Amino acid sequence: MPSPRLRDQRISDGVVREARLGTAETAARTRGSAVRNERALRRSGHDETDRPPFVAGDGHRERAAGSGEGSSEASSEGKRVRKTAVVTGGASGIGRAVAAELARRGAHVTIADVRGAEDAAKDLGCAGVTCDVSDAQAVRELITGVAAEHGRLDFLFNNAGIAVGGRAEEFTLDHWNRAIDVNLRGVVHGVHAAYPLMIEQGYGHIVNTASLAGLTPAPMMLPYTATKHAVVGLSLALRAEAAAHGVRVSVVCPGFIDTPLLDNANPGLPQTEIGLHARTTAVRAQGRLYPVESLARDVLRGVAGNQALIVAPASARATWRAVRLSPALAVRAAGSALRRITR
Ligand SMILES: NC(=O)c1ccc[n+]([C@@H]2O[C@H](COP(=O)([O-])OP(=O)(O)OC[C@H]3O[C@@H](n4cnc5c(N)ncnc54)[C@H](O)[C@@H]3O)[C@@H](O)[C@H]2O)c1
């Protein structure tokens with residue numbers, strides 16, 4: 001189902017956003033004006049290309065994490081400028097926790113989600129936009145709309161995703177296509193819309209959520225594993241190009257996190273035994289699910305430090321290290337872990 005365009009999308013305070021961005025032409029115009037605003041800011045001394053995010057511009061560095069500030073900075077006139085962030089999949093789980101933490105630190109946050117954006121936005125004091133990330137036009141309108149409204153786009157968290165689980169032989173093409181549409185194309189659409197704008201600004205940070213499954217031979221979720229490996233590859237390659245433009249790219253690779261995702265595998269798709277018991281399997285595999293608030297803090301700490309890969313919790317980093325030491329052994333270990341877990 002195509003998502004409603006921005007013109008139909010309601011912001012959390014109940015105001016209906018007008019159809020300023022209805023055509024590609026107007027979208028380009030608003031993007032141009034966002035960039036012009038930004039250039040004016042930079043001419044006035046507000047140039048942050050060489051500054052890490054979460055830095056207050058009043059002469060001293062805020063602590064990157066937990067400072068309660070840092071998502072704003074002062075211009076040369078001493079006026080505080082709030083940073084602007086878009087979080088896709090921000091109505092639930094990891095996206096919601098990241099959005100909450102960013103809002104707490106004073107950023108202008110827009111939550112974009114296929115469902116529940118408005119309610120989450122009200123709870124967190126953010127803006128909320130209904131947007132399906134598999135719809136390229138909707139994502140472009142989201143990004144250009146936010147940049148035009150605030151005159152800047154500091155962060156894009158391409159976080160929306162779905163879990164797809166089952167044995168390789170059980171997957172229909174629908175499983176593959178949904179995983180590709182949301183988990184991979186969703187990220188592609190965000191990058192395609194935001195990256196040129198960030199190049200023109202001369203700054204910005206794209207943070208893509210992949211998974212530990214994007215770094216390891218994670219079985220029983222092939223479409224998921226494939227899309228998450230693609231997101232890791234896309235992110236690291238883009239990071240290499242983007243640095244020359246002052247744009248940053250990070251990729252988040254969490255182990256199992258305690259979110260509703262684990263209760264909702266294969267949404268709208270034929271269900272599988274593995275999908276039905278995703279939470280139980282995750283607990284068996286990892287021992288304990290990592291709290292989402294802890295991950296959100298890890299993510300923002302990694303973003304502030306401009307880390308390429310943000311892998312958490314510690315057990316996920318240990319697994320990732322083992323895979324790098326011996327990929328062949330990792331495949332064998334994945335097979336035996338699977339037999340143990342699914343026994
Ligand atoms: N929970 C975990 O164990 C875990 C582990 C590794 C990676 N991840 C990744 O983290 C990201 C967030 O997952 P989560 O655990 O917070 O799950 P979640 O289900 O709690 O949140 C995902 C959000 O994405 C939204 N969404 C789904 N399809 C969408 C679409 N087409 N357009 C816009 N929004 C859409 C959902 O409505 C939901 O609000 C996902 O990319 C997921 O793959 C999760």
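Q: What makes strand 6 and strand 7 a pair in this predicted model?
A: Two strands pair if at least two bridges are found between them. Strand 6 (residues 155-158) and strand 7 (residues 204-209) are joined by four bridges, in the parallel sense, so they count as paired. Among the contacts of this kind, Leu 156 has Ile 206 of strand 7 as its bridge partner.

Q: Why are strand 5 and strand 9 called edge strands?
A: The seven strands are ordered 5-4-3-6-7-8-9 in an open sheet with parallel pairing. Strand 5 (127-130) and strand 9 (309-312) each pair on one side only. Between neighbouring strands of this sheet the average turn is 15°, direction ignored.

Q: Which strands does helix 2 lie across, and how is helix 2 directed relative to strand 3?
A: Helix 2 (residues 93-104) lies across strand 3 (84-88), strand 4 (108-113), strand 6 and strand 7, and runs at about 165° to strand 3. Angles run from 0 to 180 degrees between N-to-C directions. Helix 6 (residues 222-242) also packs on the sheet, where it touches strand 7 and strand 8 (247-254), and its direction makes about 155° with that of strand 8.

Q: What makes up the shell around the ligand?
A: Its residues divide into 14 nonpolar, 13 polar and three charged. Gly counts as polar here. Of the 30 residues around the ligand, the nearest are Gly 89, Ser 92, Gly 93, Gly 161 and Leu 261.

Q: Which helix gives the most to that shell?
A: Helix 2 does, with three residues. Helix 2 and helix 5 (173-201) each supply at least two.

Conventions: Residues numbered from 1 in each chain as written. Predicted model: local features only at pLDDT ≥ 70, side-chain atom pairs only at ≥ 80, totals over all residues. Contact = placed C-beta atoms within 7 Å. Near = placed C-beta within 6 Å.
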